[in-house]
Amino acid sequence: MQEIITISASQRANHLTTQFFNSQEQNLYNTDPENSLDTTTFLNPSIDKISKTASYYPRLLLWDAKNGNGSLGKYQYVPETKDFHSINQTENNSLSEQHSLVHTHNRIERSKYQNALDNNEELPELTKENTKYWSDYNRLIYQPYTFNSLTDWYHDPETPNLPDFRGLRSQRFISLEQGIAEWESQKDNFMDENLRIALEHCDTLEGFNLVTDMGSAWGSFTSSLLQELKDEIPKCSIFSWGFFEPDILTNSKPSIDNKYQLKNAIENSLHLMSESDLFFPIYSDNKLSNWELAGQTCRLYDTVNSVLSQRNTNNRKSMNYLTNCITDGESKRNMVTSMIELDNHYNYSYVSRVKPYDRHNRSTKEYYEFSYCTIKRGVKEMPEKEDNQDKKTKDSFRNLQTVEFQPSETIPNEYRKTTDYSIKLSTTENSRGLFKHWNDYVQKYFRFNDNREELKEELGTLISTYEHGWYSDEDSGDDI
């Protein structure tokens with residue numbers, strides 16, 4: 001048995017992992033050994049020998065701002081404990097004579113969905129209006145060690161992806177320094193306690209999934225966490241998943257806040273790439289709510305992870321296998337450029353949406369593909385593009401088969417209509433344009449940064465890594 005632990009940091013990331021683990025719960029009811037997943041890869045079973053029953057808990061460590069868990073209490077489902085105590089006026093008068101009652105914040109009411117779930121009643125329809133918190137629709141019970149929260153940063157329902165300092169709405173959790181400082185204040189408790197407990201529940205750990213936001217302090221927080229994780233467990237595999245908001249340099253007059261956002265994204269991406277086996281840059285459509293985005297992205301996230309957890313040992317692959325397919329042995333070429341759902345041609349990747357790529361406008365050219373793998377879900381035939389049979393045979397190890405998508409009913413209807421589809425993951429020359437784009441930005445706007453030259457050198461190396469063929473000197477860029 002090979003276990004994979006998920007570490008999720010940010011409200012947006014927690015929505016995605018909630019949808020994923022809800023779908024993992026759906027698979028518990030699948031009894032077909034050839035077309036189901038090994039639930040113990042991502043879920044920790046707890047066996048009750050007296051009642052002869054099993055309970056399953058996510059192998060999950062999540063981080064959120066204070067109040068970001070919504071109505072879900074850390075010890076809510078632990079016997080004989082309560083996070084909240086509802087009292088009437090008589091009880092309040094009685095308590096006030098004996099104790100001081102401290103109100104830290106207004107109580108967040110439980111969603112109708114959670115009430116119906118706990119009472120085994122008919123479940124209400126989910127919408128973007130009643131799914132503001134990921135806890136409004138999570139189906140599995142989380143262990144207390146799963147929960148971790150920032151110290152002084154509070155969840156703001158009006159801007160859910162940017163925590164607010166002490167609820168004063170005067171400062172947001174956005175800078176690199178804030179993320180690093182927050183991690184430094186929290187790391188000892190996290191590494192020595194909660195992470196240790198999660199590791200003790202694993203027999204043979206294969207690796208980690210890290211999910212976070214890239215344009216805020218969550219990115220630097222997670223990259224600091226990742227560095228500590230690699231020092232602690234150096235031989236484990238790590239897949240990092242980062243949410244990127246729309247590229248701000250396509251705007252004619254980007255604001256100061258947007259420039260700050262891109263600065264974060266650049267540095268956070270370089271840090272995560274340097275320590276991860278694979279880095280998945282995911283486009284976050286700001287027209288979608290976190291619930292909708294999570295439902296859409298779960299089609300990708302679940303597909304990749306289903307390959308790692310199949311019961312069918314002939315089709316099941318390791319994290320290292322996927323890494324080799326996509327990087328083709330070039331460890332620095334570990335950014336997944338393209339993540340296309342072939343059936344509808346939807347690309348989940350942020351990279352393809354960055355425009356303009358460079359001053360010569362190469363966006364219309366067909367980019368060289370360094371390596372790829374295609375994952376087919378269900379029984380539908382995989383799209384054929386190669387006419388050369390020898391080529392097909394040579395690359396057969398890149399064509400992977402996995403089980404049909406088994407989405408939870410918490411996923412929006414439009415993203416669970418089709419359950420048999422194919423996703424192609426590839427690294428292409430297109431990434432060169434992204435790094436060139438970032439390098440130009442660093443030259444123009446990082447003039448007084450201490451690490452400016454270091455960033456330019458690192459980006460220059462990545463530009464060369466993703467080059468194919470010949471480029472003129474004019475295309476190399478000048479320091480401005």
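These notebook entries record what I looked up in one protein structure.

**Model and conventions.** I worked from a predicted model, in which local features need pLDDT of at least 70 and side-chain atom pairs count only at pLDDT 80 or more, while totals for chains, interfaces and linings use all residues. Residues are numbered from 1 along each chain as its sequence is written, and side-chain values use heavy atoms, with hydrogens and water left out.

**Overall make-up.** I found eleven helices and 14 strands in the protein chain; helices (H or I, at least four residues) and strands (E, at least two) are DSSP runs, numbered from the N terminus. I noted that 53% of the 480 residues are buried, meaning under 20% relative accessible area with a 1.4 Å probe, protein chains only. I then looked at contacts (heavy atoms within 4.5 Å): of those between residues at least 6 apart in sequence, 78% join residues at least 24 apart.

I traced an open sheet of five strands with mixed pairing, ordered E11-E10-E14-E12-E13. Strands E11 (346–347) and E13 (399–402) each have a single partner strand, so one side of each lacks a neighbour in the sheet. Two strands pair if DSSP finds at least two bridges between them. E12 (residues 369–377) runs parallel to E13, and four bridges join them. I looked up Arg377 and found its bridge partner in E13 to be Thr402.

**Cysteines.** I searched for disulfides (cysteine sulfur atoms within 2.5 Å) and recorded zero. Cys236 counts as buried because its relative accessibility is 6%. Cys298, at 0%, also counts as buried.

Technical notes: Buried means under 20% relative accessible area, exposed over 50%, partly exposed in between (1.4 Å probe, protein chains only).
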